[in-house]
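Please open the model in your viewer and keep the selection panel at hand. The stops below go from the whole chain to single residues and then to the parts that call for caution.

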Amino acid sequence: MRTFWFSIPVAVLALVVAGGISAQPVNYAAGMTYTADPPLRTDWLGDAGGELTNGVKDWAWDPVTGWDGSVAVNPRSIVIDLASAKSDIGSVVVTVFVSISSAVPAQKQILVSGSSTSATTGFADWGEAVTEDTGAEANYTYTWTGGPVAARWVKLILESEVAGHHSLLSEIEVFKSEGTSAVGDEWMLYQ
Ligand SMILES: [Ca+2]
């Protein structure tokens, strides 16, 4: 029995140490709501709603939503409401569906900004989310890493590569800055 009681704290400690090394980054955008201007074409591609924050980002048509280039003007913007003020946003990652053979190109530019005021005002420019345009039929990952910054609302402004072409996305992630993580934060995950 002495061995049994001794083994519990060792196991817990091992879990905490392993968690500290391999913990998944915190995605503040997971499950959050968003609004788009012009509106996303939700009657298209089987969009069930919430597709940009549901964690599914396979390279396929089903997880995709966005703007139909034949009807949507450039630029195209989307605002995610993180539900509460965050003080430590470290990065923003946008997964863009690209299929050259289906006339769905990469995005020419994706700009990132944030506001602590409202969904429509007070946005400060954070910079550009960039990717490597390989020309491949694949998801392209556009990444901005300028944090930590504070905001509740995060806005993306997209320019399709060619006017009249689609902007199709499968996921938007807003990650907590890992640079501000402390021992206390790791312990909080296990309480
Ligand atoms: Ca998704």
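What percentage of the 191 residues in the protein do buried residues make up? In this predicted model, the buried share is 34% of the 191 residues.

**The whole chain**

Begin with a cartoon view, in which you can look for two helices and eight strands. Followed along the sequence, these elements come in the pattern α-β-β-β-β-β-β-β-β-α. If you display contacts between residues at least 6 apart in sequence, 77% of them join residues at least 24 apart.

**The nonpolar core**

Next, select Ile80, Val92, Val94, Val96, Val112, Leu169 and Val174, which are the residues with the most contacts inside the largest nonpolar core, a set of 38 residues. The elements that give two or more residues to this core are strand 1 (34-37), strand 3 (76-98), strand 4 (107-115), strand 5 (124-129), strand 6 (138-144), strand 7 (149-160) and strand 8 (167-176). Of these, strand 3 gives the most, with ten residues.

Now centre the view on Val174 and show what surrounds it: leaving aside neighbours within four places in sequence, Val174 is in contact with Asn27, Tyr28, Ala29, Ile80, Leu82, Ile89, Val92 and Val154.

**Strand 8 and its partners**

Colour strand 8 next, which is mostly covered, since ten of its ten residues are buried. Strand 3 pairs with strand 8 in the antiparallel sense over seven bridges, and one place to look is Thr95, whose bridge partner in strand 8 is Glu171. Strand 2 (residues 65-67) also pairs with strand 8 in the antiparallel sense, over three bridges, and here Trp67 has Ser167 of strand 8 as its bridge partner.

**Strand 1**

Move on to strand 1, where Tyr34 and Ala36 form a covered face, while Thr35 and Asp37 form an uncovered one. Strand 1 runs antiparallel to strand 3, and four bridges join the two; to find the pairing in the viewer, select Asp37, which stands opposite Ser77 in strand 3.

**Two loop residues**

Select Gly31, which has its place in the loop between helix 1 (2-22) and strand 1. Is Gly31 buried or exposed? Gly31 is exposed, because it has 11 other C-beta atoms within 10 Å, and a residue counts as exposed at 12 or fewer.

Then select Thr134, found in the loop between strand 5 and strand 6. Thr134 is likewise exposed, because 10 other C-beta atoms lie within 10 Å.

**Where to be careful**

Finally, colour the model by pLDDT: the mean for the protein is 86, and 82% of its residues reach 70 or more. Among the elements, strand 5 has the highest mean pLDDT (98) and helix 2 (residues 183-189) the lowest (44). Over residues 8-19 the pLDDT is below 50, and this stretch has five contacts in the model beyond near neighbours in sequence. Residues 181-191 also stay under 50, and for them the model has seven contacts beyond four places in sequence. Where pLDDT is low, the predicted coordinates should not be read in detail.

Methods. Residues are numbered from 1 along each chain as its sequence is written. This is a predicted model: local features need pLDDT of at least 70, side-chain atom pairs count only at pLDDT 80 or more; totals for chains, interfaces and linings use all residues. A nonpolar core is a set of buried Ala, Val, Leu, Ile, Met, Phe, Trp, Tyr and Cys residues joined through C-beta atoms within 7 Å. A residue is buried if 20 or more other C-beta atoms lie within 10 Å of its own, exposed if 12 or fewer, and partly exposed in between; C-beta atoms are placed from the backbone. Two residues are in contact if their C-beta atoms, placed from the backbone, lie within 7 Å. Two strands pair if DSSP finds at least two bridges between them. pLDDT is the predictor's confidence in each residue, from 0 to 100.
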